[in-house]
Amino acid sequence: MEIAEAFMRDVAAGPAWVEFWVNFMGVVFVLAIPFAFSRAEARWALVVMAISLPAMMGLYATVGFVRLLGIVHVVLWTPFAFYLWRQRSTWRVRETLAGKWIALLFATVLVSLVFDYLDVIRYLLGDVD
């Protein structure tokens with residue numbers, strides 16, 4: 001828990017929008033819990049988070065709060081985004097609350113991946129902060 005608290009302190013020390021975004025992503029993924037009883041996408045979201053969170057905290061404990069942290073999402077969330085995209089014909093966005101949540105999850109993952117890919121590229125080019 002100490003690592004997670006330190007991570008959130010580092011997030012809070014940055015721009016307000018970053019803290020908002022991290023919290024927003026957390027809420028979107030926590031919303032997978034009630035949908036997990038009926039939707040495979042939600043169950044996969046929980047699996048992805050169960051792997052991503054310890055991986056992110058482990059990397060954070062090793063390298064600190066640097067742009068390289070995005071590599072966890074790049075590696076784990078990219079295949080998840082492709083999976084969600086392939087399932088889009090089953091979302092039923094207009095008809096179901098679960099479909100609306102899956103669309104929101106997909107959009108959230110995509111936006112996050114844009115930031116993450118840019119962060120990792122910048123890190124590899126020498127912009128480590």
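In this predicted model, helix 4 and helix 5 meet through residues with heavy atoms within 4.5 Å; helices are DSSP runs (H or I, at least four residues) numbered from the N terminus. On the helix 4 side the contact comprises Ala40, Glu41, Trp44, Ala45, Val48, Met49, Ile51, Ser52, Ala55, Met56 and Leu59, and on the helix 5 side Ile71, Val72, His73, Leu76, Trp77, Phe80, Tyr83 and Leu84. This contact contains 16 nonpolar, two polar and one charged residues, where Ala, Val, Leu, Ile, Met, Phe, Trp, Tyr, Cys and Pro count as nonpolar, Asp, Glu, Lys and Arg as charged, and the others, Gly among them, as polar. Axes are lines fitted to C-alpha atoms over the stretch in contact, with angles from 0 to 180 degrees between N-to-C directions.

Local features rest on pLDDT of at least 70 and side-chain atom pairs on pLDDT 80 or more, whereas totals for chains, interfaces and linings use all residues. Residues are numbered from 1 along each chain as its sequence is written, and side-chain values use heavy atoms, without hydrogens and water.

Helix 1 packs against helix 4 at an angle of about 75°, with the axes 10 Å apart. Helix 1 and helix 4 are therefore roughly perpendicular (65 to 115 degrees). Ile3, Ala4, Ala6, Phe7 and Asp10 of helix 1 contact Met56, Met57, Tyr60 and Ala61 of helix 4. Eight nonpolar, no polar and one charged residues make up this contact.

The largest pocket holds about 1,000 Å³ of space. A pocket is an open set of points on a 1 Å grid where a 1.4 Å probe fits, with protein on both sides within 12 Å along at least five of seven lines; lining residues have an atom within 4 Å of a point. The volume is the space filled by probe spheres set on the points. Of the 37 lining residues, Phe7, Val11, Val18, Val22 and Met25 lie nearest the pocket centre. Helix 2 contributes the most to the lining, with nine residues. The lining divides into 24 nonpolar, seven polar and six charged residues.

Technical notes: Helix = DSSP H or I, 4+ residues; strand = E, 2+ residues; numbered from the N terminus. Parallel < 35°, antiparallel > 145°, perpendicular 65-115°, else oblique.
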